[in-house]
Amino acid sequence: MAAPRWDGGPAMTARRRPFTTVVARLPRWVRAVVALAVLVLGVVIITRPTTSLGVLAVLIGTGLVLAGVLDLTGLGTQAVESGWGIATAVVWIVAGGLVLGWPGLTVRLVAVVVGVSLVVNAVLTVASGLRGKQTLDARLAALAFGAAGLVFGVLALAWPDITLLVTSVVFGARLIMSGFGWFWWALGGDRTEVTPAGEPSGWRRWRRGLAALTALLLAVGAAVLSAALQRGSPVLDDFYAAPRDVPAEPGRLVRSEPFTQKVPADARAWRILYTSTRADGVAALGSAIVVEPLTPGPHPVIDWTHGTTGFAENCAPSILDEPFESGALMVVPELIDQGWAVVATDYIGLGTRGPHGYLVGAEAAHGALDAVRAARELPDAALGDQTVVWGHSQGGGAALWTGALAGSYAPDVPLAGVAALAPASDLPGLVGNLSQVPGGSIFASFVLAGYTAVYPDVNWRQYVRPGAEAVMQSMAERCLSEPGTLVSVLHALGMARDPELTSTDPTTGALGARLAENVPPAAIGVPLLLAQGGADGLVVPSAQDGYVASVCAAGEQVDYRVYAGRDHVGLVEADSPLIPELIAWTTARFAGEPPAPGCTTTQR
């Protein structure tokens, strides 16, 4: 087989392909090995967008350098046919060298390097397509590559924590195409570079056009996906804004309006804004949903403290598409059927002005108790004095704190009982286990965001590796229910493989001490039902057992029930065996029946 023709005449060799003849002299097996290496790198980048942060810089840097080298030698997806083309290749190589040579580069700075490189490369590519004597297909390919690079560059700069995904698409696809073409040539395929007339061969023109079209389609798809993810974020409205005149005492109704989202047909509901106090006694506002049956009252009250929905202000359940299920209250119709009303606090800082004290116990308890006080002021509602607190996960811990503080903080809200469902009771144990939980980094970001906002002695850099700060903070800005959380999940799964995600054990130092402060008290003081899923991987049964033991040691009454096979959310789903038992237990509390004395533990 004749050797591939790469020169196109002395003038073209000297003017357009200064490096290609050197590459052509390499042994075929060397070219084949390098081509396979390029192919493998492209596949790794495009299929492992959530790789650990330690590997991220190596993949991005190597991809940038290879993209430039392949273009510079004429073997990449774009031909280097002028000084403009050489400049674009140099941009890739310099950017790659910067990433590889700066091991402490953070994700946000990587995003800036990649984004700026893509934008500069796009401008140079378009300029090269508009200048010089080129065929129409070459100009169109240059414009397509330029447009694609510009879109990806803007995305990388505008949304830093999707840099991994942008890089995967851009460089992975680019390296796969370049590696395939080089491997084909190394095996002796028809890699004729130019025609006798000095124009690119049919193979190269076809491959260049295909690569340009693919890059443009991927860029458009990425832009559409980005817009869709951003558009899915909940948006706060004026209802949550603080008025000029706010009552000084906590538990006062500030404003209300009818609420209809997912409310049963045989009930009516309101969204309320009310006064409360933070853990340090500073006045604050809270918001809540109040639902009651259409039947005549007074209606006993279920004071619901919801599970995790997020940390950001726009993560309040009262503005979400699923205001009850988002926080794990799956059985509102069943409660209405019982003739009970529901007061579901958003907590302080969700909906209302933040920060939200995520897993800060006293603050959550204040918000729950003040919501009941304020709901009683609704002129058209008929809420009774009897109240039982229900809470799940984050809200389970809040329910325990509500029971412990009700007597001192809100004696006008006497509680008939507390039902804590998979509660966040052992906070050091919970946070320490998050690194072992798929997606646990998302919850860790909420903890760090909440505690750094509430406690001045806790900060991100004490516990999070510098390269991970931007990603972790972006995670904390998303609600669990919004589409953009998919990005957080992908990053969390990747970060689980990175042993250097945290620089310090989060259960030590100032954060560890603050977590210990927010472990619910052992003295609840009211009848307590504590339910736990036997297959729960987030709030693990062994940690729950330890908290129950402390309650029993304090001489408190607790009815501890473990449901085999039920995981964290499955415990509270409508088909869970817990639900009828929980309703029966609550009915007994409203009826004033005394609970079984002492501590009982049963396996369900």
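This is a predicted model: local features need pLDDT of at least 70, side-chain atom pairs count only at pLDDT 80 or more; totals for chains, interfaces and linings use all residues.
**Exercise 1.** Find how many disulfides the whole structure holds, and state how the bonded cysteines are paired in sequence order.

*Solution.* Begin with the cut-off, which is that two cysteine sulfur atoms count as a disulfide when they lie within 2.5 Å. A search of the whole structure then gives two disulfides. In one of them the sulfur atoms of cysteine 315 and cysteine 479 are 2.1 Å apart, and in the other cysteine 552 is joined to cysteine 599 with an S to S distance of 2.2 Å. When the bonded cysteines are numbered in sequence order, the pairing reads 1-2, 3-4.

**Exercise 2.** Describe the link of cysteine 315 and cysteine 479: which parts of the chain does it join, and are its cysteines buried or exposed?

*Solution.* The angle about the S-S bond is -95°, and the link of cysteine 315 and cysteine 479 is left-handed. Cysteine 315 sits in the loop between strand 4 (299-305) and helix 10 (332-337), while cysteine 479 sits in the loop between helix 15 (469-476) and helix 16 (485-495), so that distant parts of the chain, 164 residues apart, are linked. As for accessibility, both cysteine 315 and cysteine 479 are buried.

**Exercise 3.** Work out which elements the link of cysteine 552 and cysteine 599 ties together, and classify the accessibility of each cysteine.

*Solution.* This link is left-handed too, with -125° about the S-S bond of cysteine 552 and cysteine 599. Because cysteine 552 belongs to helix 18 (residues 541-553) and cysteine 599 to strand 10 (residues 599-603), the pair ties together parts that are 47 residues apart in sequence.

**Exercise 4.** Identify buried residues of helix 17, and say which helices they pack against.

*Solution.* Within helix 17 (residues 509-517), the buried residues are Ala510, Leu511, Gly512, Arg514 and Leu515. The buried residues of this helix pack against helix 13 (427-433) and helix 14 (440-454).

**Exercise 5.** Characterise the second largest cavity by its volume and its lining.

*Solution.* The count comes to nine cavities of 30 Å³ or more, and the second largest cavity holds about 100 Å³ of space. Among the residues that line this cavity are Thr308, Tyr358, Ser393, Gln394, Phe443 and Val539. Sorted by class, its lining has nine nonpolar, three polar and no charged residues.

Note on methods
Residues are numbered from 1 along each chain as its sequence is written. Side-chain values use heavy atoms; hydrogens and water are left out. Helices (H or I, at least four residues) and strands (E, at least two) are DSSP runs, numbered from the N terminus. Buried means under 20% relative accessible area, exposed over 50%, partly exposed in between (1.4 Å probe, protein chains only). Contact means heavy atoms within 4.5 Å. On a 1 Å grid over the protein atoms alone, a cavity is a set of points where a 1.4 Å probe fits but cannot get out, and a pocket is an open set with protein on both sides within 12 Å along at least five of seven lines; lining residues have an atom within 4 Å of a point. Grid points are joined across faces, edges and corners, and a volume is the space filled by probe spheres set on the points. Ala, Val, Leu, Ile, Met, Phe, Trp, Tyr, Cys and Pro count as nonpolar, Asp, Glu, Lys and Arg as charged, and the others, Gly among them, as polar.
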